[in-house]
Amino acid sequence: MLFLVLIGGYVMAQEETIPLQEETEPAQEVTVLNQVVPIDHIVAVVNEEVITRNELNDLIENTVKQLQKQGTQLPPYDVLEKQLLERLIMTRIQLQRAKEIGISVSDTELDQTLRNIAKENNLSMGDFYAALEQEGIGLSRFRDEIRDEMLMVRLKEREISSRVNVTEGEIDNFLRTQETSAIGNDDYHVAHILVQIFEQMDAAQVEAKRLRAEEALAKLQEGVEFAQVSAEFSDAPNALQGGDLGWRPITQMGPAFAEMLINMQPGEVTPVIQSPVGFHILKLMGRRPQETPVVIINQTNARHILIKINELTSEDDAHRMIMQIKDRIDSGANFAETAKAYSEDASASSGGDLGWLSPGDTVREFEQAMDALLPGQISPPVRTQFGWHLIQVVQRRTQDVSEQQQRQHAHKAIHARKADMVMQEWLQQLRDQVYVEYRAEDI
């Protein structure tokens, strides 16, 4: 029989106990058959939910493995621990907010996402599950993590989209400025360190943050790898991924950043730059020209009639109705007038006219049926997620949409620039509204 004795915060057996971590104050542990088992405890409370030491340790272990695979030198343990605890807290806050406003991810949606992940990695589902098991990742846990990621993405899309608006005037001004600006259209590969500041900080606190950013810059100037400095100093969500922002048009970077980047060579870093959300250091990783090709596409002007399937109209009833409508048209009824009378789509008032459609404007089943028709032809009944359709092709044309593409790119650049700022402000507001209590003595 194994006798356990409580000594100085440890539950110890008569055999020798070896602490799991020497870098921090040891947590309570139980020695069972010569194996040390930590006793779990609460490290933080977020509203009414808790984050445990085991949760934090799991994240630390996985992150260390990831950084080692990347060849990134690990930051000091206490720095890594605090960063990852804050990540757990922010994740918990966002999931609580998503639940509060009714955002959810169904099992069907989750399964489809897992299939997409497997497909992107050129794996069957069986091979995908085997790869997870080989990495020591449980399927149930992986599903939970992917569901959480999907919930947070949907939450951010909902919250940020309502706060970011791009007007036609802004697009016009952007394109005019682009024509006369020395900044150009090139894509830039950039890495980023952010030392965050908050509205409620006083001058002394802001100055302390600036000095921290200057300390990070000094390390970079001494030759320390950017990824290592990012992991130690940056408050950005991708700090442990080296702060890599990937390739993006220079026009998405904002004027203050862009004016510095255009005069830099790959490998160089900026001085510390202040913005409303904090102090930034950028490293230029690479630059490549962004061409603006002439875009010629085939467009189709089409009409349709839609019978929806819902609580009042079953699949069979909807199919029967669309067949009856098809018979009327085959017998000589005018398609547009019939659409006005029977179609359940918003286009009914205009005779079912959908205007000029470009590739990708409609769902796959509709587009395939439409593309198979000659002008004037009418399709057999077509089933899509919206119900049963009849489709008539009115005419086709080849169209230069280069200007439209330019405006879409401008919209994307303006939206991305605004969204970056709004995202940081929204996350901080969310954090400020939540009760957070730190419980662990070693945090």
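Analyst: Let's start with helix α12, which spans residues 364–371 and has Phe366, Ala369 and Met370 buried (buried is under 20% relative accessible area, exposed over 50%, partly exposed in between, with a 1.4 Å probe and protein chains only). Those three sit on the same side of α12, because they cover an arc of only 100 degrees around the axis (the arc is taken from the directions from the helix axis to the C-beta atoms). Helices here are DSSP runs of H or I with at least four residues, strands are runs of E with at least two, and both are numbered from the N terminus.

Keep in mind that this is a predicted model, where local features need pLDDT of at least 70, side-chain atom pairs count only at 80 or more, and totals for chains, interfaces and linings use all residues. Residues are numbered from 1 along each chain as its sequence is written, and side-chain values use heavy atoms, leaving out hydrogens and water.

On to the strands. Strand β10 (residues 278–288) has eight of its 11 residues buried, so it is largely enclosed by the rest of the structure. Strand β7 (residues 187–196) runs antiparallel to β10, with 10 bridges joining them (two strands pair if DSSP finds at least two bridges between them). Across from Asp187 you'll find Arg288 of β10. Strand β9 (residues 273–275) also pairs with β10 in the antiparallel sense, over three bridges, and a hairpin of two residues links β9 to β10. Ser275 has Gly278 in β10 as its bridge partner.

In the model, residues 194–223 are 63% helix and 10% strand, with the end C-alpha atoms 19 Å apart.

As for confidence, the protein averages a pLDDT of 85, and 88% of the residues score at least 70 (pLDDT is the predictor's confidence in each residue, from 0 to 100). Residues 1–27 fall below 50, and this stretch has 45 contacts in the model beyond near neighbours in sequence.

Conventions
Contact = heavy atoms within 4.5 Å.
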